[in-house]
Amino acid sequence: MIALSLLLPFIGTSLGAAMVFFLKGEINAKVQKVLLGFASGVMVAASIWSLILPAMDMVGDDLGKWSFMPAAIGFLLGMFVLLALDELIPHLHINSDKPEGLKAKLKRSTMLILAVTIHNVPEGAATGAVIAGFLSGNETLTIASVLSLSLGIAIQNVPEGAIISMPLLAEGKKKGGSFFIGSMTGIVEPIAAVFMILLASLINPILPYMLSFAAGAMMYVVVEELIPEASQGDHSNFATIAFALGFTLMMILDVFLG
């Protein structure tokens, strides 16, 4: 079950990338807004129910009213680390057509690949942190909690895989190549997850900080990338409705399975 949880997010990305075999051209703008809004809702709900609340529960007996401290510190650290990556690694926002400066020297498709890869790192870290909590024997994190988070991330990874592979197909790449590149943007997730598991096994007391760190990193992606891009132009209400559906689905998965 642990192995399946590690691989589910990558499988979700691969399923989305496989859309190149069934669709032609780029994804419709309305559909893209729906996909971005849905992904945002899943990530926000996962950050709260699967990461921040368990992080506070872990230290509740020891810290009492101050149980928010590890969650607050880890959350802010995750936000700032993603901010640093955002500044240091050239990448393109999903709906952007005009890269500037150093970014202008890279192909738009390369920039999109980098963007989605950056998005996937905190998702992998989140999966690994929850698995580490379960393996440590913590009562607040069960195998159902692990599976619900992994499944939720896998569901929202389907549109991310399509958002990469479909533009590559439209730019002239063959279907097989577009699928492969789209799938490989998700390979960082199991790698990041394994790194978090190994780190937690060495320094178990930092587990609450790791959970909230992953939450902060995921929330940065939502606030900085997904929601602004989903809200641009017309039909932003499509994204809003999809956000509500994604949030509700992830909440149900976490509570029902957890």
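Tutor: What follows is a chat about helix packing and helix shape in a predicted model.

Student: Let's start with α3 and α8. At what angle do they pack?
Tutor: About 45 degrees, with the axes of α3 (residues 68-88) and α8 (residues 207-231) 6 Å apart. Angles between 35 and 65 degrees fall in the oblique class, so α3 and α8 are oblique to each other.

Student: And is the crossing left-handed or right-handed?
Tutor: α3 passes α8 in a right-handed crossing.

Student: Which residues meet there?
Tutor: On the α3 side they include P70, I73, F75, L77 and D86, and on the α8 side Y209, F213, M219, E224 and E225 are among them. By class, this contact of α3 with α8 has 17 nonpolar, four polar and three charged residues.

Student: OK, now α1 and α5. How far apart are their axes?
Tutor: The axes are 5 Å apart, and α1 (residues 2-17) packs on α5 at an angle of about 20 degrees. That makes α1 roughly parallel to α5. Their crossing is right-handed.

Student: Who makes the contact?
Tutor: From α1, the residues include I2, L4, L8, G12 and G16; from α5, I143, L147, S150, N157 and G161 are among them. The α1 contact with α5 counts 14 nonpolar and eight polar residues, with no charged ones.

Student: Switching topic: where is the kink in α2 centred?
Tutor: On S47, and the kink is about 30 degrees.

Student: How does the end-to-end distance of α2 compare with what its length should give?
Tutor: It agrees: at 1.5 Å a residue, the 35 residues of α2 (residues 29-63) should span 51 Å, and the end C-alpha atoms are 48 Å apart.

Student: And what comes just after α2?
Tutor: G64, which takes a positive phi of about 60 degrees.

Definitions and conventions. Residues numbered from 1 in each chain as written. Predicted model: local features only at pLDDT ≥ 70, side-chain atom pairs only at ≥ 80, totals over all residues. Heavy atoms only, no water. Axes fitted to C-alpha atoms, helices over the stretch in contact; angles between N-to-C directions. Helix = DSSP H or I, 4+ residues; strand = E, 2+ residues; numbered from the N terminus. Parallel < 35°, antiparallel > 145°, perpendicular 65-115°, else oblique. Left-handed = near helix turned anticlockwise from the far one by under 90°. Contact = heavy atoms within 4.5 Å. Nonpolar A, V, L, I, M, F, W, Y, C, P; charged D, E, K, R; others polar. Expected span 1.5 Å × (residues − 1). Bend = angle between axes of the 7 residues up to and from the residue.
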